[in-house]
Amino acid sequence: MDALAVVESFGAAWAEHDLEATLALVSDDCVFDSTGPAPDGIRHVGRDAIRCAWQPIFDDSNARFEPEETFCAGDRVVQLWRYTWADGHVRGVDVFRVRDNKVAEKLSYVKG
């Protein structure tokens with residue numbers, strides 16, 4: 001798969017609230033930089049740490065992630081998105097790095 005296809009598969013699993021399928025698409029040493037707390041967020045490294053960070057999001061049945069625009073440059077994929085939950089929404093961007101058909105890095109930023 002190319003980098004764009006990996007991120008699209010990742011997004012489809014995320015949209016289904018399927019944490020196991022989503023984690024299957026990240027590398028063992030994946031780095032996830034979360035959007036909060038401000039100003040720098042928290043860096044999570046490895047599947048176990050990422051599972052802990054994402055579990056509350058996947059458990060919220062009201063949460064929806066909607067890609068607005070996605071583009072690829074080599075092993076990097078940039079995706080603008082809107083994240084909605086019961087009481088509101090936020091818009092942001094993820095910068096992914098794909099390695100060996102897995103997400104190896106997901107750096108997340110929000111409009112503030």
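Buried residues account for 37% of the 112 residues in the chain. The model described here is predicted.

**Overall architecture**

The chain contains three helices and six strands. Read from the N terminus, the order of these elements is α-α-β-β-α-β-β-β-β. The radius of gyration of the chain is 13 Å, close to the 13 Å that the globule rule gives for 112 residues, so the chain is as compact as a globular protein of that length. Along its principal axes, the C-alpha trace spans about 35 × 30 × 30 Å.

Contacts within the chain also reach across the sequence. Of those between residues at least 6 apart in sequence, 40% join residues at least 24 apart. The accessible surface of the chain comes to about 6200 Å², and carbon and sulfur atoms contribute 52% of this area. As for charge, the chain carries 12 positive and 20 negative side chains, and the centres of these two sets lie 3 Å apart.

**Aromatic pairs**

The structure holds ten aromatic pairs. One of them is formed by Phe-10 and Trp-14, whose rings have their centres 5.8 Å apart and their planes at 40 degrees, so this pair is tilted. Both residues belong to helix 1 (residues 3–15), where they are four residues apart, about one turn of the helix. Phe-10 and Trp-14 are both buried.

Trp-14 also pairs with Trp-54: the ring centres are 4.9 Å apart and the planes stand at 70 degrees, so the pair is edge-to-face. Because Trp-14 lies in helix 1 and Trp-54 in helix 3 (residues 47–59), this pair ties together parts that are 40 residues apart in sequence. Trp-14 has 10% relative accessibility and therefore counts as buried. Trp-54, at 1% relative accessibility, likewise counts as buried. Ring pairs link these residues into a cluster with others; its members are Phe-10, Trp-14, Phe-32, Trp-54, Phe-58, Phe-65, Trp-81 and Phe-96.

**The surroundings of Val-90**

Val-90 is placed in strand 5 (residues 88–99). Leaving aside residues up to four places away in sequence, Val-90 touches Trp-81, Arg-82, Tyr-83, Trp-85, Val-110 and Lys-111. Trp-81 is also a member of the aromatic cluster. Between Val-90 and Gly-112 there are 22 residues of separation in sequence, and their C-alpha atoms are 8.7 Å apart in space.

Most residues other than glycine have a negative phi, and most peptide bonds are trans. The table lists residues that depart from these patterns.

| Site | Backbone feature |
|---|---|
| Gly-36 to Pro-37 | cis peptide bond, omega near 0 degrees |
| Ala-38 to Pro-39 | cis peptide bond, omega about 5 degrees |
| Asp-100 | positive phi, about 55 degrees |
| Asn-101 | positive phi, about 65 degrees |

Pro-37 is found in the loop between strand 1 (26–33) and strand 2 (43–45). Pro-39 is likewise located in the loop between strand 1 and strand 2.

Asp-100 is found in the loop between strand 5 and strand 6 (102–110). Asn-101 also has its place in the loop between strand 5 and strand 6. Asn-101, at 36% relative accessibility, counts as partly exposed.

Key
Residues numbered from 1 in each chain as written. Predicted model: local features only at pLDDT ≥ 70, side-chain atom pairs only at ≥ 80, totals over all residues. Heavy atoms only, no water. Helix = DSSP H or I, 4+ residues; strand = E, 2+ residues; numbered from the N terminus. Contact = heavy atoms within 4.5 Å. Rg over C-alpha atoms; globule rule 2.2 N^0.38 Å. Buried < 20%, exposed > 50% of the residue type's maximum accessible area, 1.4 Å probe, protein only. Areas by Shrake-Rupley, 256 points an atom, 1.4 Å probe, with all protein chains shown as cover. Lys, Arg positive; Asp, Glu negative; His and termini not counted. Charge placed at Lys NZ, Arg CZ, Asp CG, Glu CD. Phe/Tyr/Trp six-rings, centres within 6.5 Å; stacked < 30°, edge-to-face > 60°.
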